[in-house]
Amino acid sequence: MNRRSFFHGGLMGSLAAGAALNAAPADPKKILNYQSGMRYRQLANTDLQISVVSLGGLVSVEAVIEYGIERGVNLVHVASNYLGGQSIKTLGNVMKTKRDKVYIALKDTFRNIDDDLKALNTDYIDFIMFNRHTAESAADPKILETFEKWKQQGKVRYAGLTSHSDVKASTAAGIKSGMYSIVMPALNQPNLESMDEELRLATEKKVGVMVMKSMRGIKGEELETAFLKKLLSNPAITTVTKGIGSYQMFDAYQKAASEVLTAHEDRALYRYAQANRSSNCMACDECKRVCPAGVDVSTILRCKDYYNDQLGDVLTAASTWREIPRHQLGGVQCQDCGKCEIACPNGIRVVERIAAAREHFSALA
């Protein structure tokens, strides 16, 4: 996106956000766990009002989860494999006393849904998030069959889609399928600028958007909170899910969620995006599409650069690495042809980054 378009989008978004902040709030009595210091948005064509800041499971501190819920968070997201399985146990402890205050979104990475329900100390979850990363798999009609079965059993209420590879195509296919009440794309800085069409489609089709991995590639509280404001200036976005590890960070996010993005912050985000574009993967999978060996570049970079280096989550990094088929790790199959780097819209030095990841995770091979 060019500079003029970037700032125009920020200005229009800020005007929309300002109008939203001044709009009459929904009836607090109809909002689960309503607290006056938190903002809420209606989830698409449901009657649910969701806190604009929700809590993710890649950073999971029991006291901070409770702190956030006490301040109005009413949506939490988790998967059974986060933090080596500890994340769901931590959330389960919180749910012993807070289950009636939150909606739970659970990624379908489990072997048996009943095991995860037991770990969460509940007999149902509100959103079952189908973890799909291609357009074809996101629109697979078998998903609806599985969802309807669990819904009839009283184990789930709504279907959602989570995508962090081939994000644009997967998200668009999911929205068009009509199967989901909410989609959960990886939406960091470069992705936000490339997904205007998909976000407009979500609004048109009345599908909610729960943003994940938004802070990938961003470092520092000032920039993180500015980007949160920019995300929430888009009316298509229902909530931003973030693993938050301290009271101070939660307070900063909650405060930012009630503020409008300033022109100064928008300029700072633009400068940062341009300066760091060549190190910030947007999970578009253009590299994978041209790779003769079919190397799973976006997942490899996510393991090393995001989970391991940025979040310091070595357990999730290692478990995700182990899930990548060996022939997609770019070992002897990769001939260093450089086609991936030519295809990358951000100019990432893909060959070098894959080699660094293989070296780092070599003990797991």
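**Cavities and cores**

Guide: In this predicted model, the second largest cavity has a lining made up of Leu55, Gly56, Gly57, Val59, Ser60, Ile65, Val76, His77, Val78, Ser87 and Leu91.
Visitor: Which elements give two or more residues to that lining?
Guide: Those elements are strand S4 (75–78) and helix H3 (86–98), and S4 accounts for the largest share, with three residues.
Visitor: And how do the lining residues of the second largest cavity divide by class?
Guide: Six are nonpolar, five are polar and none is charged, around a space of about 60 Å³.
Visitor: OK, which residues lie nearest the centre of the largest cavity?
Guide: Of the 14 residues that line the largest cavity, Cys281, Cys284, Cys287, Cys344 and Ile348 lie nearest its centre, while helix H13 (286–290) and helix H14 (297–310) each contribute at least two residues to the lining. By class, that lining comprises 11 nonpolar residues, one polar and two charged.
Visitor: Switching to the largest nonpolar core, which residues touch the most other members?
Guide: Those are Leu228 and Ile237, in a core of 71 residues, and helix H10 (residues 221–232) provides the largest share of this core, six residues. Apart from this core lies another one of 25 residues, including Cys287, Ile324, Leu329 and Ile348.
Visitor: What does Ile237 touch, not counting residues up to four places away in sequence?
Guide: On that count, Ile237 touches Arg41, Leu187, Leu199, Val209, Val211, Leu231 and Leu232.

Definitions and conventions
Residues numbered from 1 in each chain as written. Predicted model: local features only at pLDDT ≥ 70, side-chain atom pairs only at ≥ 80, totals over all residues. Heavy atoms only, no water. Core = buried A, V, L, I, M, F, W, Y, C linked by side-chain atoms within 4.5 Å. Buried < 20%, exposed > 50% of the residue type's maximum accessible area, 1.4 Å probe, protein only. Helix = DSSP H or I, 4+ residues; strand = E, 2+ residues; numbered from the N terminus. Contact = heavy atoms within 4.5 Å. 1 Å grid on protein atoms, 1.4 Å probe; cavity = no way out; pocket = protein on both sides within 12 Å on 5 of 7 lines; lining within 4 Å. Nonpolar A, V, L, I, M, F, W, Y, C, P; charged D, E, K, R; others polar. Points joined across faces, edges and corners; volume = space filled by probe spheres on them.
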